[in-house]
Amino acid sequence: FIEEGTIIDKFMILESGQLVRTKLHILDEESGAKGRRASFRSSLRNTKRAEVSASIKRNAVEVDTIEGHGRVTGLLHNIKDGSTAFATVTSKGSAKVWVMHKTDFRDILASKPEFMFDLLGAMATELRTGSKSLRTLMTNLKTGGKSDGTDAKDTLRVLCYDTTSWVSEAFKPAVEAFNKSHDDFQMIIDYTSERLGPQTATYAAGYEAVCTFVNDTADADTMQTLSRLGVSMIAQRAAGFDRIDTKAARAYGMTVARVPAYSPYAVAEHGIALLMAVNRKTSKASNRVKMANFTLDAGLMGMDIHGKTVGVMGTGKIGQILCNIILGFGAK
């Protein structure tokens, strides 16, 4: 019914069935005169109807589903000329939809002023209530309930999810030092122990970025909520990003950053510590001592690492450092 990125010149009223809105996660890189998104939309018009849904599913993320008799989509876009579609609207199975062209809609408004004023009144009520609530919420979150005199464009506000004491204790002095060294740009970080997910994404209202950790979930639903709240960046304070839906991030225009590598020596040394603990029965011996059992027997015997051949699975940065440490034991 409607294609993402195209000019909207009609709106739809759903009588029965379901409509689904999707956004492409294809990179919009120019290829000749057309971008990949434009090329995909063009190819979709020539795709068999039965294959359209599967093609969209492979190349897009679902924004939401429109269902229920009388539901309307695309109405506000017809008020202003040149408005482009945020998402592609297709039917989910069989659906009965009434479509009205923009010019017909405007003709009705022009010929029936009473209808136009009723419509404007209903829209004004909804917009006034929603905008006041959201404006108050955003202001309180950004300023803590009071004005700090800082220009918003010179300030980056970040909500740090899944925060433990060691995270905040490490971040606070670093942020303070950063702000002291930058007069034209300031960073404000607030902390929550909650983990990011669909139910907690609303906590990020009023922030431009969120900082996540390995147990946070940034799936498509979470991305959609963050995007609507004005969050434009996810900063992952870890190397892995398997819990971040990068396709959804691309579809909603969000930037994802991560730490590609950090403290590989600490990880390798910890691996060696575990190796020695297992080999020399350190944990078992420690438990015995705590129970005042100082018996020496074969159960506490280990073996020399020297002269042995050690197998290392994975020889990236951490693995290579671990190999160098192993060589110090006189092993291969």
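Student: What share of the contacts in the protein with a separation of 6 or more comes from residues 24 or more positions apart?

Tutor: Contact means heavy atoms within 4.5 Å. Here, residues 24 or more positions apart account for 69% of those contacts. Keep in mind that this is a predicted model, where local features need pLDDT of at least 70, side-chain atom pairs count only at pLDDT 80 or more, and totals for chains, interfaces and linings use all residues. Residues are numbered from 1 along each chain as its sequence is written, and side-chain values use heavy atoms, with hydrogens and water left out.

Student: How many helices and strands are there?

Tutor: Helices (H or I, at least four residues) and strands (E, at least two) are DSSP runs, numbered from the N terminus. The protein has 10 helices and 13 strands.

Student: Which residues of helix α3 are buried?

Tutor: Buried means under 20% relative accessible area, exposed over 50%, and partly exposed in between (1.4 Å probe, protein chains only). In α3, residues 102-111, the buried ones are Lys102, Phe105 and Leu109. They lie on the same side of α3 because they cover an arc of only 65° around the axis, judged by the directions from the helix axis to the C-beta atoms. Asp107 and Ala110, on the other side of α3, are exposed.

Student: Is Val210 buried or exposed?

Tutor: Val210 is buried, with a relative accessible area of 0%. Val210 sits in strand β11, residues 209-212. Setting aside neighbours within four places in sequence, its contacts include Val158, Tyr161, Leu226 and Met233.
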